[in-house]
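Hello,

Here is the structure I promised to pass on to you. Please have a look at it first, and then read my notes below.

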Amino acid sequence: MKRFVVLVLLLQCACVLSERRFPTGIDRGANAPSGGVDGVVSSMGFIVKPTSENWPRRDSNSNLKANSSSACEESYGFLPCTESAVGNLFLLAVYGYIMFVAASFLSDGSELLLVVMGPGIIGGLFLPVLGAFPDALLILVSGLSGSTTTAQSQVLIGMGLLAGSTVMLLTALWGACTIVGKCDLSPENAAIDGQDTKGFSLSGSGITTDKATTKAAQIMVVSLIPFIIVEIPQVIDSSSAKRIGVLVGCIAAIICLLSYCIYQVLQPWIQKRRVAYAKQKHIISAIMKNMHLKGWGRLLREDGQPDLDVLKSVFEKLDDDNDGYLTKHELRGLLYGLDLQGQESSTADAVNKVMAEFDSSRDDKLSLDEFNVGMSSWLKIATSTVGHPRPNNYSKKFMSDFHLKTKEELEALQNDNEEEVAEVDNPYKVYLKAVMLMLGGAILAGIFADPLVDAVDNFSDATSIPSFFISFIIMPFATNSSEGVSALIFASRKKKRTASLTYSEIYGAVTMNNTLCLGVFLAIIYIRGLDWDFSAEVLVIVLVVLVMGLLSSFRTTFPLWMSSIAFIFYPLTLAIVYVLDYVLGWS
C-alpha cells in the first residue's frame, strides 16, 4: 500500500511539474541555425550538428528524429514527456522507481509461491522466466516502437540494458558481495564462517562457496553459445548470412532457455536453497515477534540502529547463571511460549540454528558481543524486509509487519528437513497473495516499460549522449535493485551456505539474460528486419561472462583481492565499447 501511494505521488508530481510537458525554454524553430547549416538546438542552447563530431554511429537517427518533430510524444496520450535534459532525468527517476517496484512485486510473489509449492515444475519453468520478465519486457518494447528507423535507434536501449544488466551483476554486485561477505581464510584456504578479524586483508580474507555453485557458473558460460552463433556471420559481408545468423541465434537462445529450465526441474538444488533460507528467515521473524510480545523493549532506536542497551538487557534476562554466556538451554528462553507449529523438535532445531549462526567462536556458547552481532544482523533483515520503522509506529507496526510478511511461508515449512515443504492449512490465501503480487508487478512493468524507454531516448536526444550508455548504466539499477539488495543481505551473513546461494542467484540471473532476454532481442531484430550492429557490445558481454565464469567454475574460494578484478571490469567495458564503436568505427 505504501509503495502504491508513493507511485501515485510521483506521477502526480511529474504531471504537475511538467503540465504534461516540461518546457525547454528554447523555441527550436526560432533558434534554428541559419546560413544553410543543418543542426538541432540542445536543451542547453547549443547547436548540435548530426555529424561525426557529435557522437557518430546509430544515434544520428535520434538527431534526425529531433529535426523532424519539435515536440515529444506523450506515452498513451497522457503520461508526461519532455524535451529537456533535467525533465527527462526526473522522468527516468520516476519510471525507474516504478520498474523497481514492479520487479520487487514479482520477486516477492515468486518467493512466496516457491516456498508454498516447493521445488518442481513451477519453480523450474515459471519462476526463472518471471524473474527476468522486467528486463525482457523493456528489451521487447525498445524494438517495437514506431517505424523501422525509429526502432533501429531505440533498440540500442535494449542492448544497453542487456549488456548493462549482465556486466553489473558480474562486476559491481559480485565484487560488493565479496566485500560484505568476506571471512578470515584458514591455512587450508577456506573461509571460516562468521569470523572476520583480518579486516581488508587482500589475501587473508575472502569467501568460499560450495561445489554446486561452480555448476551454476559453468551453466552461465555455456549460455554464451547464442552470442557466438549470431556473431559468426559478421565476418561474412552478406546481409542474408547475417540475417540467418540472427535467426539461428534466436533459436539457440530459446533451446538454451528450455534446457536450463528443465535442468532446474530435474536438479532443483537452487530452488531448495531458496526454500531453506526462507525457513530460516521465518524463524527469525517468529523469535523477534515473541521478544516484542514479552515486552523486552524496543530493539531499534529511532534512527533505525540496534539499541545495544536493550539487547544487553535481553541477554541478562536469558543468562540464568550470570556467567556472561548463553548456553543452548538458556537460549530456549528466547523461544519460550513460541508455537513453532506445535513440534518440540522444531524448537530444538530453532535453538540449534540460533547457536550455529551467532556462535562465531565455535565454543557452543554465546558471549554478549556475539549476541549483539547476531541480533543486529537479524534486525538488518527485518528492516530490509519491511523498511525502517517510524518512531511512533515501532511497537504497533514494525515487528507485526515483519512477522505477517513471512507468516504464510512459516506455516508452509513444517518439516524438519529444511529442503522439504509441507502442506499449508490455507493454501488458497497464500496462492492468492502470490498471484496478486506477481500480477501487480507484471501490470506495472507492462504499463511503464514503454514510457521508460521513451524517457531514455529523449534524454539521449537532449544531452547528445548515446542511449546505449544511458541504458547501460541506469536501467539495470531499476530492474535488478531488488536482486542486488537480497544478494548483499545474504552475503552479509558471512556463511558458506548463504554465500553459495548469493553467487548461484547471480549466475542464474546472468544465464536468464543470455537466454531469455537475448532470445527476445534477436526475435525483435529478425521480425522487424533491423540491422545487427552490436559486435562491440557482444564482445564485452562475452569477455565478462567468460572471465568471471571460468574463474568461478574451477575454484570455490575467492580472496578479497579478486573483487578488484570484478570492479575494474565495469568501467573497462564502457571504455571498450566507446573505443571500438566511436573511435575505431566498428559500427
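**Helix 5 against helix 18**

In this predicted model, the axes of helix 5 (residues 133–142) and helix 18 (residues 475–491) come within 9 Å of each other, crossing at roughly 155 degrees. Because angles over 145 degrees count as roughly antiparallel, helix 5 is roughly antiparallel to helix 18. On the helix 5 side, Pro 134, Asp 135 and Leu 138 make the contact, and they meet Met 475, Thr 479 and Asn 480 of helix 18. By type, the residues of this contact divide into 3 nonpolar, 2 polar and 1 charged.

Strand 6 (residues 205–208) is joined to strand 7 by 3 bridges, and Thr 208 has Thr 557 in strand 7 as its bridge partner.

**The nonpolar cores**

The largest nonpolar core has 94 residues, and Tyr 95, Leu 170, Tyr 507 and Trp 532 touch the most other members. Helix 6 (residues 148–180) gives this core its largest share, 15 residues.

Leaving aside residues up to four places away in sequence, Leu 170 touches Met 220, Ile 506, Tyr 507, Val 510, Val 544, Val 545, Met 548 and Ala 566. There is also a second, separate core of 20 residues, with Leu 300, Leu 311, Leu 326 and Val 354 among them.

Best wishes

Key: Residues are numbered from 1 along each chain as its sequence is written. This is a predicted model: local features need pLDDT of at least 70, side-chain atom pairs count only at pLDDT 80 or more; totals for chains, interfaces and linings use all residues. Side-chain values use heavy atoms; hydrogens and water are left out. Axes are lines fitted to C-alpha atoms, for helices over the stretch in contact, and angles run from 0 to 180 degrees between N-to-C directions. Helices (H or I, at least four residues) and strands (E, at least two) are DSSP runs, numbered from the N terminus. Angles under 35 degrees count as roughly parallel, over 145 as roughly antiparallel, 65 to 115 as roughly perpendicular and the rest as oblique. Contact means heavy atoms within 4.5 Å. Ala, Val, Leu, Ile, Met, Phe, Trp, Tyr, Cys and Pro count as nonpolar, Asp, Glu, Lys and Arg as charged, and the others, Gly among them, as polar. Two strands pair if DSSP finds at least two bridges between them. A nonpolar core is a set of buried Ala, Val, Leu, Ile, Met, Phe, Trp, Tyr and Cys residues joined through side-chain atoms within 4.5 Å. Buried means under 20% relative accessible area, exposed over 50%, partly exposed in between (1.4 Å probe, protein chains only).
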